[in-house]
Amino acid sequence: MNFMKMALLTFIILALTGCTPAEPDNGGGSVPSHKDPYYPVPESEYLPATQPSGDMIMDFSRVGYKWGDEDIPDVPVKLILSPPEDGADATEMIQNAIDGITDGAVLLSKGVYNVYGSIRVNKSGVVLRGEGQDESGGTVIRAAGTGQRDLIVIEGSGKRQVDRISSESNVIDDYVPSGRFWLRTSAARSFSVGDEVVIYRPSTQKWISDLRMDQIPPRSDGGKITQWQPGKYDLYAERVVTKISGDTLHFENPVPMSLDRKYGGGSVFHYHY
């Protein structure tokens, strides 16, 4: 699922579930405020930091390298590229450079690089680097053409395998708001600090029907319509367990989607590649 679809889906989820009362418990008896040094709640001039449901503006300030606790390594430059003349497609040139090194940086000299395809980085230790962020004097990678796709894809090999224990929800609370850094689960004893897990939300028939995504009207141009089906829009969020308090698991980054029991609840599972 690309970023725009994910953002739209998250907005729909919040809009649909935003009136459900939240359970104000973080395993320590209180909901964090924006003054909480461990779980800050970002403020916004457009929206209240926390909705009546408990859903809050998500704090993704720790999604960077090593959660921001360590500086990004300054790896040596192995190859230096210059923008193609006359704005020609730079996709193959950049991809060949990335594929041609085992580690280090590919430096894109300042200028505009028109990319008509996707650039893929699938090796650890390989960095794509530019010269400045100024559009008029720095390095610009431009998504050229008209096709919708991911411009830069960073991925490993293999497929994620989720270690499902049961198809039943193991999240205890009737409602877990988006933006919270913890949740309560009946499977807490199965996890340890440092475990890599997925927070799972099913796409149930009731959820789809309430969104009316199984009632998509015909297109004016006669194009194909695909009605949503249960199980086709399940959501998974990879997280790391940072703390365990009884039946409460804490994570390094927030729960990105509300978990509502009337829509199937949610679960926490181990996963591996």
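Colleague: In which loop is arginine 212 found?

Modeller: This is a predicted model, in which local features need pLDDT of at least 70, side-chain atom pairs count only at pLDDT 80 or more, and totals for chains, interfaces and linings use all residues. Residues are numbered from 1 along each chain as its sequence is written, and side-chain values use heavy atoms, with hydrogens and water left out. Arginine 212 is found in the loop between α3 (205-211) and β12 (235-245); helices (H or I, at least four residues) and strands (E, at least two) are DSSP runs, numbered from the N terminus.

Colleague: What is the phi of arginine 212 near?

Modeller: Most residues other than glycine have a negative phi. Arginine 212 has a positive value, near 60°. Tryptophan 67 also has a phi near 60°, and it lies in the loop between α1 (3-17) and β1 (77-81).

Colleague: Why does arginine 212 count as exposed, and why does tryptophan 67 count as partly exposed?

Modeller: Buried means under 20% relative accessible area, exposed over 50%, and partly exposed in between (1.4 Å probe, protein chains only). Arginine 212 counts as exposed because its relative accessibility is 57%. Tryptophan 67 counts as partly exposed because its value is 30%.

Colleague: How many salt bridges does a search of the whole structure find?

Modeller: Side chains of opposite charge can pair when their charged atoms come close. The criterion for a salt bridge is a side-chain nitrogen of Lys or Arg within 4 Å of a carboxyl oxygen of Asp or Glu. The search finds 10 salt bridges. One of them joins aspartate 173 and arginine 184, at 2.6 Å from N to O. Aspartate 173 lies in the loop between β8 (161-163) and β9 (175-176) and arginine 184 in strand β10 (residues 182-184), so the pair ties together parts that are 11 residues apart in sequence. Both aspartate 173 and arginine 184 are buried, and a network of salt bridges links Asp173, Arg184 and Asp247.

Colleague: Which parts of the chain are linked by the salt bridge between arginine 261 and aspartate 174?

Modeller: Arginine 261 and aspartate 174 meet at 2.7 Å, N to O. This pair links distant parts of the chain, 87 residues apart: arginine 261 is in the loop between β14 (259-260) and β15 (267-272), and aspartate 174 in the loop between β8 and β9. Arginine 261 is partly exposed, at 37%, while aspartate 174 is exposed, at 52%.

Colleague: In what order do the six strands of the open sheet stand?

Modeller: Two strands pair if DSSP finds at least two bridges between them. Here the order is β8-β15-β11-β12-β13-β10, with antiparallel pairing. β8 and β10 stand at the edges with a single partner strand each, so one side of each is left without a neighbour in the sheet. Four bridges join β12 to strand β13 (residues 248-251), and the partner of lysine 243 in β13 is histidine 250.

Colleague: Which residues lie nearest the centre of the second largest pocket?

Modeller: On a 1 Å grid over the protein atoms alone, a pocket is an open set of points where a 1.4 Å probe fits, with protein on both sides within 12 Å along at least five of seven lines; lining residues have an atom within 4 Å of a point. Val121, Gly125, Val126, Val127 and Ile154 lie nearest the centre, among 21 lining residues. The largest share of the lining, four residues, comes from β5.
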